[in-house]
Amino acid sequence: MRRVLLTAPIHQDAVELLRGVAEVVVSDKPLRSEDELMNVVKDFDAVISMGVEPFTKRVLENSSRLLIVARHGVGYDNIDVDAATRLGIWVTITPVEELFDAVADHAIALLLCITRKICTADSFVRLGKWFEKPFDKQLFIGIGLRGKTLGIVGLGRIGARIAERAKGFGLKVIYYDIERKIELEKRLGVEFSQFDYLLKNSDFIVVSVPLTEKTRGLIGERELYMMKQNAILINISRGAVVDHKALVKALKSGRLAGAALDVFHVEPIPPTDEIVKLPNTVLTPHIAWLTEESRRAMAMRAAENVIKVLNGEEPLDAINPTVKEFARNKR
Ligand code: 8YV
């Protein structure tokens with residue numbers, strides 16, 4: 001019997017689908033170290049990865065049964081794709097509309113939450129402070145969006161959806177990407193800008209690029225200090241795209257007005273981290289992707305990718321399609 005490992009629980013419908021073709025095991029703990037992961041994965045033909053597991057060359061080389069690492073998500077920075085390809089292991093993602101929409105919605109939620117101080121206001125009501133001081137609303141003077149500039153770093157499938165939503169709020173949208181997206185510029189009414197221009201001229205900056213060796217630390221001290229003093233940074237991509245120490249420094253010194261983050265350099269972020277103590281931040285626990293709709297669609301897609309490979313077929317969403325020449329289940 002084929003064996004499929006889920007590194008965390010996923011939508012039950014997908015588990016049922018997988019049970020039709022394989023034995024399904026859900027890991028009872030996060031597999032964050034190479035050794036932990038290796039010890040478990042060696043007994044499986046397929047893994048559905050939630051994204052925190054280090055699928056390094058060493059792990060993949062020691063997983064001789066493994067045919068596919070199916071990401072439950074679109075980022076695959078936790079997988080050494082070159083090593084997987086050389087070893088004949090498929091790597092897939094779940095590029096479903098529901099996921100892109102969920103992340104774009106969350107980026108806008110973070111923008112509204114920080115500009116309208118929703119989290120602070122919520123505590124104010126719950127802690128009885130409104131009742132104590134009914135006229136003390138100075139704290140909650142927000143920032144209007146109409147006419148302000150939103151800079152999107154990375155106009156991919158998520159970035160484009162953020163732009164689409166932002167236009168509805170009357171924001172001017174500029175973007176930077178490694179390539180110009182002329183069609184999107186026309187369709188969405190957004191303007192391409194050089195990276196430094198975007199940093200200097202945006203009131204709000206959203207980071208929506210994948211984590212690669214090129215984007216690691218893309219927003220560092222230099223970039224943070226180029227931003228407007230009243231700028232707000234929003235990150236829904238990967239924590240490592242922003243230099244965490246530099247960000248804390250900029251927020252503490254008042255050089256940057258605020259940050260709304262769904263992703264962190266270390267996850268879960270320890271409550272002792274300085275960023276957690278800063279009042280000018282809004283922090284969510286890597287949930288931008290998480291709606292009922294997206295978790296089902298992602299899990300089903302990951303399961304479909306796994307089933308195809310277990311059946312000796314090509315998966316739907318391979319990151320490394322060249323692997324097909326020497327995929328393990330073809331040998
Ligand atoms: C994932 C994500 O769903 O898509 C990604 O890469 O970061 C999230 O949307 C998360 O890794 C849980 O699977």
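Q: What share of the 331 residues in the chain is buried?
A: Buried residues come to 40% of the chain's 331 residues. Keep in mind that this is a predicted model.

Q: How much of the contacts with a separation of 6 or more comes from residues 24 or more positions apart?
A: Those pairs account for 62% of them.

Q: Switching to secondary structure: how many helices and strands are there?
A: The chain has 14 helices and twelve strands.

Q: Let's zoom in on β9. Which way do its residues point, and are they buried or exposed?
A: β9 covers residues 204–207. Phe 204 and Val 206 point one way, Ile 205 and Val 207 the other, and all of them are buried.

Q: Which strands pair with β9 in the parallel sense?
A: Strand β6 (residues 149–153) runs parallel to β9, joined by four bridges. Strand β10 (residues 232–235) also pairs with β9 in the parallel sense, over four bridges.

Q: What sits across from Val 207 in each?
A: In β6, Val 153 stands opposite Val 207. In β10, the bridge partner of Val 207 is Asn 235.

Q: And what handedness does the unit with β9, helix α11 and β10 have?
A: Right-handed: β9, α11 (residues 221–226) and β10 form a β-α-β unit of that hand.

Definitions and conventions:
Residues are numbered from 1 along each chain as its sequence is written. This is a predicted model: local features need pLDDT of at least 70, side-chain atom pairs count only at pLDDT 80 or more; totals for chains, interfaces and linings use all residues. Helices (H or I, at least four residues) and strands (E, at least two) are DSSP runs, numbered from the N terminus. A residue is buried if 20 or more other C-beta atoms lie within 10 Å of its own, exposed if 12 or fewer, and partly exposed in between; C-beta atoms are placed from the backbone. Two residues are in contact if their C-beta atoms, placed from the backbone, lie within 7 Å. Two strands pair if DSSP finds at least two bridges between them. A crossover is right-handed if, with the strands pointing away from the viewer, the path from the first strand over the helix to the second runs clockwise.
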